[in-house]
Amino acid sequence: MANKAVLSVKYPAITSWQWHATLFSILGEDENAKKWIYSNYIQLRCYNIAEYTTGDEILLCDMMPGSSSLKECPYLIFSLITKPQIDSYCGDVIDFIVKTIDLGGYIYGAFDEARMLCDVSVDYKFSHELFIYGYNMEEEVFYVGDFTFKDKYSYTTVSFEAVKRGFDALSAGEDHVFKDDYKGTRGLYVIQKNTDTKYYDLDTVLIKNTIKEYLGGEDTKNHFRMMRNRFDDTIFGVNVYDALLKRIDKQLHEEEPDFDIRALHIAYDHKVLMLDRLKYLMANEVIPFDQAMLDEYSEVVEDMLAARNLLVRISVTGEIEAGSRIADHINSAREKDVAILTKVMNLL
Amino acid sequence: MEKKEIEQKMMEIIEEEMPEIDADKIDLEASFTDEYGVDSVSLIKVIVDAEQKFNVKFDDRELALNKYNNFEDVVEVIEEKLQ
């Protein structure tokens, strides 16, 4: 056991959900993994769901693949370890995490982050995914990537004791990561990077077909039916813009306005990644270099960022009437997004 | 308004909106994300306050964190708007 071990991470290009931030932290700069990343994450989908922590209705928006990406990515070795296994192998979650990191394994799983932040027992629990990529024995801290500890996605340290508290505080039924997929068990994921051999070529056929589905707003849940078939009200592709407009209007005109920016943030991240994809396709001569196209797509990114930031601004100022400008930014982004991706699809 | 005066007012705004920052140690030219943990929300609070104090208006695209490296960049935008 070393005194300190920190596995490699790179601040992720997209941070909207912990599963994406984790995958991009581990693989974002890997040349082999980029071929898989840019072949995927094109389709966008959203649906209304009750948030597991509060029960409030939210518009859950995500790219495909979503939370299952850590399992599906060919450049990650993904293992799930149940709590009884952890107890039997190590007797202690801290020891298990340290040993896993020594073997090159990252840790990902649900922890009660309210309990991690507060030493005193409270009724409220906040089950959230925590990503752990290193430890320091002398300082007794783990290196983690998370949204909770600094109000935005950050790499920081948390004490061994806080991690143990957060892990022990959740029972099997409260582990929202394991609850649905593994029938109420409790445990952690171990993720290892496996990038030395190329397993996946850039898939231009998949990119073209998925852009077509995105532009047509096609219902593509049948592609993923073997993994997920619970939602009948899912909206796909460019139709997500309409769902965003409807949702924001509803949020702002509730008796107590709701300023949740998450759906707008993932839509913004989708454009950030699409711009990166266009640059990658041009750099690798899959499509001809076109600076004007990159500049135009940068405008889509800026429109979506302006929409997101305007919602934050309204939460500060209370100027609900400014919501009409959010619609202007979203409609402007949609128009340019469709025009540019139609051109890209025809070039592929 | 002189740039020095804008900077002084900006220090007061930062102190008000981000009390977690030690006001005596604010360096307007330091990277505000690295040194003071400024994020989109805290920047927007600073800008909204600055709009009221300087009677200027930032457009929606000027709210983006990636437009600025430090508070001095925000001061310069205010200076341009006041001219």
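The entries below go from the chains to their domains and then to the packing of helices.

**Entry 1: conventions.** I note that this is a predicted model, in which local features need pLDDT of at least 70 and side-chain atom pairs count only at pLDDT 80 or more, while totals for chains, interfaces and linings use all residues. Residues are numbered from 1 along each chain as its sequence is written, and chains are lettered from A and ligands numbered from 1 in the order in which they are written.

**Entry 2: the chains.** I looked up the secondary structure, where helices (H or I, at least four residues) and strands (E, at least two) are DSSP runs numbered from the N terminus. Chain A has 13 helices and 10 strands. Chain B has four helices and zero strands, in the order α-α-α-α from the N terminus on.

I then looked up the radius of gyration, which is taken over C-alpha atoms; the globule rule is 2.2 Å times the number of residues to the power 0.38. For the 348 residues of chain A, a compact globule would have a value near 20 Å, and the 21 Å of chain A agrees. For the 83 residues of chain B, the rule gives a value near 12 Å, and chain B agrees with 12 Å. The C-alpha trace spans about 55 × 55 × 35 Å along the principal axes of chain A and about 30 × 25 × 20 Å along those of chain B.

**Entry 3: domains of chain A.** The domain bounds come from an automatic or database domain assignment. I found domain 1 (4–39 + 76–193) and domain 2 (204–347) in chain A. Their C-alpha centres lie 29 Å apart. Seven residues of domain 1 of chain A are in contact (C-beta atoms, placed from the backbone, within 7 Å) with 11 residues of domain 2 of chain A.

**Entry 4: helices within chain A.** I compared axes, which are lines fitted to C-alpha atoms, for helices over the stretch in contact, with angles from 0 to 180 degrees between N-to-C directions. Helix 12 and helix 13 of chain A pack at about 160 degrees with their axes 9 Å apart. Helix 12 of chain A is therefore roughly antiparallel to helix 13 of chain A; angles under 35 degrees count as roughly parallel, over 145 as roughly antiparallel, 65 to 115 as roughly perpendicular and the rest as oblique.

The crossing of helix 12 and helix 13 of chain A is left-handed; a crossing is left-handed if the near helix is turned anticlockwise from the far one by less than a right angle, and right-handed if clockwise.

I also looked up helix 9 (residues 204–216) of chain A, whose axis comes within 10 Å of that of helix 13 (residues 323–347) of chain A and crosses at roughly 150 degrees. Helix 9 of chain A contributes A:K208, A:I211, A:K212 and A:L215 to this contact.

**Entry 5: between the chains.** The contact takes 14 residues from chain A and 11 residues from chain B. Helix 12 (residues 291–317) of chain A packs on helix 3 (residues 40–54) of chain B at about 60 degrees, with axes 10 Å apart, which makes the pair oblique. Their crossing is right-handed. Among the residues in this contact are A:V312 and A:V316 of chain A and B:V41 and B:I44 of chain B.

How values were computed: Contact = placed C-beta atoms within 7 Å.
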